[in-house]
Amino acid sequence: MKIFIDSANLTDIEEALKRGFAEGITTNPSLLAKEPKGSFESHIGAIIDLINKYKPGIHLSVEVFSRDKEIILKQAREFIREFGYPQISIKVQVGWGELETIKKLSEMGISVNCTACMSVTQAVMAARAGAKYVSLFWGRIRDGGTDAAMLKEREETKAKKALDDADFDPIRVVSATRRIFDESKINSEIIAGSMRSVVDVRDARLAGAHIVTVPPKFFPDMISHFKTDQVVNQFLTDFEKWLS
Ligand code: E4P
């Protein structure tokens with residue numbers, strides 16, 4: 001199981017990187033917008049400096065911030081040139097227009113992480129277009145089945161049989177995508193994002209995600225267990241008694 005850090009916060013990234021378990025970092029425009037205002041380029045540069053300090057060569061996904069095909073291509077090339085980080089992957093959102101861009105970028109040898117995927121068909125089409133990674137948004141897939149504000153869209157989509165109830169179960173979406181990738185010998189890797197709990201992290205991996213990208217707030221709980229605390233305290237008190 002590969003764990004990525006889903007954050008743009010430099011302190012959180014450093015705290016995770018210094019502990020050695022993370023194999024990559026994913027950012028997105030909303031995560032960057034939580035950080036103090038500043039230059040996008042220097043913020044990504046600071047993330048790369050942390051990677052080079054603690055774990056050189058791990059994955060870094062940086063997302064474009066446009067829906068315009070030409071601008072996406074331009075931004076992707078700029079990210080590659082400006083950041084000069086060989087393991088960078090350009091996050092391009094999934095979509096009909098974007099597939100063409102994903103294909104072009106992949107043919108240029110640029111690693112693409114096709115992001116905001118919610119369904120099996122999106123993930124498979126993105127991978128076939130050349131995306132090296134497809135990001136399936138676990139929590140948002142589940143939210144899609146209940147989100148009151150999206151009732152109309154959900155009912156319309158179900159009425160035309162573009163989706164059904166199974167498409168709002170992230171376990172089924174990720175496991176079906178993984179099965180298709182394996183059976184069809186598609187080499188793209190599935191990144192499960194949009195984690196809402198530690199249980200989601202475990203379930204996403206068990207469902208077949210190659211990688212799970214996790215908000216740093218979950219890391220302490222992922223490494224803790226109340227029975228661990230109990231037994232470690234017991235060892236220490238037993239030994240102290242024996243010493244005294
Ligand atoms: C993944 O790459 C995304 O950054 C992220 O997981 C989005 O999830 P959320 O906005 O639903 O938390």
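This is a predicted model: local features need pLDDT of at least 70, side-chain atom pairs count only at pLDDT 80 or more; totals for chains, interfaces and linings use all residues.
Colleague: How many helices and strands does the protein have?
Modeller: The protein has twelve helices and eight strands, where helices (H or I, at least four residues) and strands (E, at least two) are DSSP runs numbered from the N terminus.

Colleague: And in what order do the strands close into a barrel?
Modeller: The eight strands close up in the order β1-β2-β3-β4-β5-β6-β7-β8, with parallel pairing, and two strands count as a pair if DSSP finds at least two bridges between them. Neighbouring strands of this sheet are turned by 25° against each other on average, with direction ignored.

Colleague: Which helix packs on the sheet at β2 and β3?
Modeller: That is helix α3 (residues 40-54), whose direction makes about 170° with that of β3; axes are lines fitted to C-alpha atoms, for helices over the stretch in contact, and angles run from 0 to 180 degrees between N-to-C directions. Contact here means heavy atoms within 4.5 Å. Strands β2 (residues 22-26) and β3 (residues 59-63) run parallel and are joined by three bridges, and Gly24 has His59 in β3 as its bridge partner.

Colleague: Now β7, are its residues mostly covered or mostly open?
Modeller: Strand β7 (residues 189-193) is mostly covered, with five of its five residues buried, and buried means under 20% relative accessible area, exposed over 50%, and partly exposed in between (1.4 Å probe, protein chains only). Glu189, Ile191 and Gly193 point one way from β7, while Ile190 and Ala192 point the other way, and all are buried.

Colleague: What does β7 pair with on each side?
Modeller: Five bridges join β6 to β7 in parallel, with Tyr133 opposite Glu189, and β7 also pairs in the parallel sense with strand β8 (residues 211-214) over two bridges, where Ala192 stands opposite Val212.

Colleague: Switching topic, what volume does the largest pocket have, and what lines it?
Modeller: Its volume is about 930 Å³, and 35 residues line it, of which Asp6, Asn28, Ser30, Phe137 and Arg140 lie nearest its centre. A pocket is an open set of points on a 1 Å grid over the protein atoms alone, where a 1.4 Å probe fits, with protein on both sides within 12 Å along at least five of seven lines, and lining residues have an atom within 4 Å of a point. The volume is the space filled by probe spheres set on the points, which are joined across faces, edges and corners.

Colleague: Which elements give two or more residues to that lining?
Modeller: Those are α2 (29-33), β4 (88-93), β5 (112-117) and β6 (133-137). In β5, five of the six residues are buried, and β4 and β5 pair in the parallel sense over four bridges, with Lys91 opposite Asn113.

Colleague: Last one, is Phe226 buried or exposed?
Modeller: Phe226, which lies in helix α12 (residues 226-243), is exposed because its relative accessible area is 64%.

Note on methods: Residues are numbered from 1 along each chain as its sequence is written. Side-chain values use heavy atoms; hydrogens and water are left out.
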